[in-house]
Amino acid sequence: MKQPFNVVVLNGSPQASSRTRVLLATIVESLGWDASSVDSIALHELVPHIGGALLRDDLPLVAQEAFDRIESADLLLVGCPVYRAGIPGLFKHLFDLVDMSTMKGKRVLLAATGGSDRHTLVIDHHLRPLFAFFQALVLPVGVYAGPTDIISEEIVNPALRDQIALAAAAASPWLPQRDPVMSEVAA
Ligand SMILES: Cc1cc2nc3c(=O)[nH]c(=O)nc-3n(C[C@H](O)[C@H](O)[C@H](O)COP(=O)(O)O)c2cc1C
């Protein structure tokens, strides 16, 4: 039987209360996916398990399982906040432990949030080179939300909504036309 199309959303914020989570959820919606049909992974939940792990084999089972889900994604929607003009160290640490052979050719959509508009290029200068190293297939359109774009868990900037729509349109050739669960049932 045909396997379901496996969308994994990875929020690379070390914080539980996260603007990046709001941005990623909006992108998922724009892609036409129901939140319940995608697999969401939050870095902040993994931090206690991965912080002290230097090697993949050091990870406890609960974290191994999350890594398995990231590695088996058909489409990875990845977002993180800007920290110190770059990506959070713990986010990079997670990808230091990912099996890089599973990332080759993986479809990836990138997003980021920042506390200023000065770091809009974090996607192109930090995230994109990381995924280029993995030889992932990264969508040319990324989505960055600045400090005034998300207020009270709402996207309030129409220009950001347009950028999200552009990313969703660019990603659409990657996606099956129907809900992933229904695609499996129909197969
Ligand atoms: C340790 C730390 C460093 C930060 N460094 C930057 C930075 O260099 N540039 C920037 O624009 N925002 C910076 N920020 C702000 C965050 O990027 C911004 O608030 C982001 O939206 C937080 O995302 P989150 O709510 O998903 O964690 C920093 C925040 C923290 C906690």
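**From the ligand shell to the strands and loops**

Fifteen is the size of the shell around the ligand: 15 residues surround it, and the closest are S13, T20, P81, G114 and G115, where a residue belongs to the surroundings if its C-beta atom, placed from the backbone, lies within 6 Å of the molecule. The model is a predicted one, in which local features need pLDDT of at least 70 and side-chain atom pairs count only at pLDDT 80 or more, while totals for chains, interfaces and linings use all residues. Residues are numbered from 1 along each chain as its sequence is written. By residue class, the shell around the ligand divides into four nonpolar, nine polar and two charged residues; here Ala, Val, Leu, Ile, Met, Phe, Trp, Tyr, Cys and Pro count as nonpolar, Asp, Glu, Lys and Arg as charged, and the others, Gly among them, as polar.

The largest nonpolar core has 51 residues, of which V7, I27, V28, L76 and L77 touch the most other members. Such a core is a set of buried Ala, Val, Leu, Ile, Met, Phe, Trp, Tyr and Cys residues joined through C-beta atoms within 7 Å, and a residue is buried if 20 or more other C-beta atoms lie within 10 Å of its own, exposed if 12 or fewer, and partly exposed in between. Helix α1, residues 19-30, gives the most to this core, with six residues; helices (H or I, at least four residues) and strands (E, at least two) are DSSP runs, numbered from the N terminus. Leaving aside neighbours within four places in sequence, L77 is in contact (C-beta atoms, placed from the backbone, within 7 Å) with V7, V9, L24, I27, V28 and L109.

Strand β4, residues 107-113, is largely enclosed by the rest of the structure, because six of its seven residues are buried. Strand β3, residues 75-81, runs parallel to β4 and is joined to it by seven bridges, where two strands pair if DSSP finds at least two bridges between them; P81, one of the closest residues to the ligand, stands opposite T113 in β4. Between β3 and β4 the chain passes through helix α4, residues 89-97, in a right-handed β-α-β crossover, which is to say that, with the strands pointing away from the viewer, the path from the first strand over the helix to the second runs clockwise. Strand β4 also pairs in the parallel sense with β6, residues 143-145, over three bridges, A111 having V143 as its bridge partner, and two bridges join β4 to the parallel strand β5, residues 137-138, with R107 partnered by L137.

Helix α4 contains L97, which counts as buried because 20 other C-beta atoms lie within 10 Å. Apart from neighbours within four places in sequence, L97 is in contact with I50, A53, R56, L59 and F67. L97 and G115 are 18 residues apart in sequence and 28 Å apart in space, C-alpha to C-alpha.

D58 lies in the loop between α2 (43-50) and α3 (61-71) and is exposed, with 12 other C-beta atoms within 10 Å. Most residues other than glycine have a negative phi. A85, in the loop between β3 and α4, has a positive phi of about 65° although it is not a glycine, and with 13 C-beta neighbours inside 10 Å it counts as partly exposed. S152, in the loop between β7 (150-151) and β8 (154-155), likewise has a positive phi, near 50°, and is exposed, with 6 other C-beta atoms within 10 Å.

Note on methods. Two residues are in contact if their C-beta atoms, placed from the backbone, lie within 7 Å.
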